[in-house]
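Reader: I am new to this structure and would like to learn how to read its features one at a time. Could you take me through them?

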Amino acid sequence: MRLKHLRERALLTQEALARRLGVTPMTVWRWENGERNPSLRVLKDIARIFECSIDELLNGPTEETREFTLI
């Protein structure tokens, strides 16, 4: 899961994210370190906060950006 990456990119602390989700900072730490997984309800809330799909949250971006040079 890309939670830590998204949280840090949004400049949120574990405490701030935990407050928004109604969980403890230790719970966020456990998710980020793979000790536990959030429920589907919480995954939906996390995806909403970071404006991404649950699939993107779990698996990363769905599309690769590639640049081509025409010659």
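Reader: Is Leu11 buried or exposed?

Author: Buried means under 20% relative accessible area, exposed means over 50%, and partly exposed lies in between, with a 1.4 Å probe and protein chains only. Leu11 has 78% relative accessibility, so Leu11 counts as exposed. Leu11 sits in the loop between H1 and H2, and, although not a glycine, Leu11 has a positive phi of about 60°. This is a predicted model, in which local features need pLDDT of at least 70 and side-chain atom pairs count only at pLDDT 80 or more, whereas totals for chains, interfaces and linings use all residues. Residues are numbered from 1 along each chain as its sequence is written, and side-chain values use heavy atoms, with hydrogens and water left out.

Reader: Which residues of H3 are buried?

Author: Helices are DSSP runs (H or I, at least four residues), numbered from the N terminus. In H3 the buried residues are Val28, Trp31 and Glu32. Seen down the axis of H3, these residues fall within an arc of 95°, so they line one face of the helix; the arc is that of the directions from the helix axis to the C-beta atoms. Their cover includes helix H1 (3-9), helix H2 (14-21) and helix H4 (40-49).

Reader: With which residues is Pro25 in contact, leaving aside its neighbours within four places in sequence?

Author: Contact means heavy atoms within 4.5 Å. With those neighbours left aside, Pro25 is in contact with Gln14, Glu15 and Ala18. Pro25 belongs to helix H3 (residues 25-32) and, at 33% relative accessibility, counts as partly exposed.

Conventions
Helix = DSSP H or I, 4+ residues; strand = E, 2+ residues; numbered from the N terminus.
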